[in-house]
Amino acid sequence: MLLLSKFLLVACAAGPDYKSPDMDLPESWETKSVTSSQVAKKPVMAAGERWWSLYADPVLDKIEDEALAHNVDAQLAVAKILEARSQLVIAESDLYPEVNVNGANSRTKRSINPGQFIPPVRIIDFSRIILQASYELDLWGKFRRSTEAARADLFARKFNIDAVRLSLTSQVAQQYFSLLAADAQESEIRRILAGRQERLLLDKKRYAVGAISEFDLHQSKAEAENTQAQLVMIIGVRDQLEAGLALLLGRSPRELMHARLERGHPTLVNVWVPDGLPAELLFRRPDLQEAEQNLIAMNARVGVARAQFFPAISLTSYLGSESISFSRLFTGPASIFQFAAGVAQPIFNAGRIESGVKIAESRREQALLQYKYAVANAFTDVRKALLAQDTARQKLVAETARGSALEKAHKQAEVRYRVGISSRLEFLDVERNYLLAQLNRIDAERDQRIAVADLMKAMGGGWQQSRAKETISALPSRNG
């Protein structure tokens, strides 16, 4: 029977075997060549696993490591691995016999009330010890499918860690660049504010001697107060960004209340994706691998549900001793054993098993749709990220040129105003445009840096060229 069951285990398993879904995928990337700009150009393969090293900023490297080590979401994802691993052990245990040792000892006194049978012995001692084993044959693959599902759940948890870390490092980089941009904008606003406050003091003196009107004095004061309001607002934004970044880094509540993070000087970089890079490489993304493992798990659970239709064959046995005298418990006459086989076949359960199969199939279909959507969304992310990076690069070039021109115009307008050639309104108009241009240039630098982070996240992080080839060769084909 054991040999027969072994052959049957190999031959059959309820439910369909997993097969990668057919999808209409592009064979390779089609990207435009990167045009010349003031931004350094690096191929996407140069990033490595620590893709943020592209910015050549030791401070960013430091806080990324801190986030990976202390962020709560990252720690929670790691903690869930233990749960999934234990579930796998539980599922695998059903594939093996269960062995237990049971022992019992009792002392019983019988009644001798009138009218009842008077036993020859009123007090009876009884001792028993057995080694018991039970095993359910997995003829229909119920336990094997359950183990397959649990193993896929474990892999999904592991890929979830990578997905959380990739998202975390991207968020940290984005928050860090936004914080640096807020610092730079604060510096620009303070510089303009200092000039306006200086002019306000001068205008008060000029008003006192009648050189300017009260209208001009109020206008000068209004411009200074407006710049002060801008400064207060940007300081508030900066403090919020700093507190948010400290939270991402996993800082303590005490540190969050007094967060002051170190700043660095990241370089501006432009990452480009070479033409002809296999599109299958995108399946490195951990969220896609996690979604596929969820699909594998749901597919296996269809087999678990279908196996409920078939009979369950169980084998039980025990070997031991029992005796009314403990001193003779381990003698030959006290030995006992039993071997039994049982079969349980569902006959009527009001459609419960059939409904269980439909539930499993529905969940598998949901997982399939979620996986296909995740794949489509991943390709969309890459397309958007490439476009955003090109747009950010062009915007940075334009804003830099505009800021340079307005800087010169601002210096000239100030000189013309001081010598009385230009009016106050003309000078203030140039100054407003100059400040706005400087703030926009800083925003464009931030967007350029963030666009690179978004592209690396969309591509599933960085990699080395040699590892990319190994990854592509290991991936199954998904083209329809």
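This is a predicted model: local features need pLDDT of at least 70, side-chain atom pairs count only at pLDDT 80 or more; totals for chains, interfaces and linings use all residues.
Biologist: Which residues other than glycine have a positive phi?
Modeller: A56 is one of them, with phi near 55°. A350 is another, at about 60°. Most residues other than glycine have a negative phi.

Biologist: Where are they?
Modeller: A56 sits in the loop between β1 (40-43) and α2. A350 is in the loop between β6 (335-344) and α8.

Biologist: Is A350 buried or exposed?
Modeller: Exposed, because its relative accessibility is 63% and the cut-off for exposed is over 50%.

Biologist: Switching to the core. Which residues touch the most other members of the largest nonpolar core?
Modeller: W51 and Y55, in a core of 65 residues. At least two residues each come from α2, α4 (142-208), α5, β4 (269-272), α7 (286-306), α8 (352-418) and α9 (424-458). The largest share is from α4, with 12 residues.

Biologist: What does Y55 touch, leaving out residues up to four places away?
Modeller: L60, F177, P266, T267, V269, R449, V452 and A453. Apart from that core lies another, of 9 residues, with A77, I81, A91 and I161 among them.

Biologist: Salt bridges next. How many does the structure hold?
Modeller: There are 33. One of them joins the side chains of E186 and R190, at 3.0 Å from N to O.

Biologist: How are E186 and R190 placed in α4?
Modeller: They are about one helical turn apart, because 4 residues separate them in helix α4. E186 is buried, at 9% relative accessible area. R190 is partly exposed, at 42%.

Biologist: Which partner does R432 bridge to?
Modeller: E223, with the closest N and O atoms 2.6 Å apart. R432 counts as partly exposed, at 36%. E223 is buried, at 10%.

Biologist: Which residues are in the salt-bridge network?
Modeller: R196, R199, E223, E431 and R432 are linked.

Biologist: What about R260 and E242, what is their N to O distance?
Modeller: It is 3.9 Å, in a salt bridge between the two side chains. R260 is in the loop between α6 (253-257) and β4, while E242 is in helix α5, 18 residues apart.

Biologist: Why does E242 count as buried?
Modeller: Because its relative accessible area is 3%, and buried means under 20%. R260 is exposed, at 59%.

Biologist: Back to α2. Where is D65, and what does D65 contact beyond its sequence neighbours?
Modeller: D65 is in helix α2 (residues 58-70). Leaving aside neighbours within four places, D65 is in contact with R50 and W52. D65 and R50 are 15 residues apart in sequence and 9.8 Å apart in space, C-alpha to C-alpha. D65 is partly exposed, at 34% relative accessibility.

Biologist: Now the surface. Which residues form a nonpolar patch?
Modeller: V99, V101 and L131, with about 270 Å² of accessible area together. V99 lies in strand β2 (residues 98-109).

Notes: Residues are numbered from 1 along each chain as its sequence is written. Side-chain values use heavy atoms; hydrogens and water are left out. Patches are made of residues with over 30% relative accessible area and no salt bridge: like charges are joined within 9 Å, nonpolar side chains (Val, Leu, Ile, Met, Phe, Trp, Tyr) within 5 Å. Accessible areas come from the Shrake-Rupley method with a 1.4 Å probe; for residues, only the protein chains shown count as cover. A salt bridge is a side-chain nitrogen of Lys or Arg within 4 Å of a carboxyl oxygen of Asp or Glu. Buried means under 20% relative accessible area, exposed over 50%, partly exposed in between (1.4 Å probe, protein chains only). Contact means heavy atoms within 4.5 Å. A nonpolar core is a set of buried Ala, Val, Leu, Ile, Met, Phe, Trp, Tyr and Cys residues joined through side-chain atoms within 4.5 Å.
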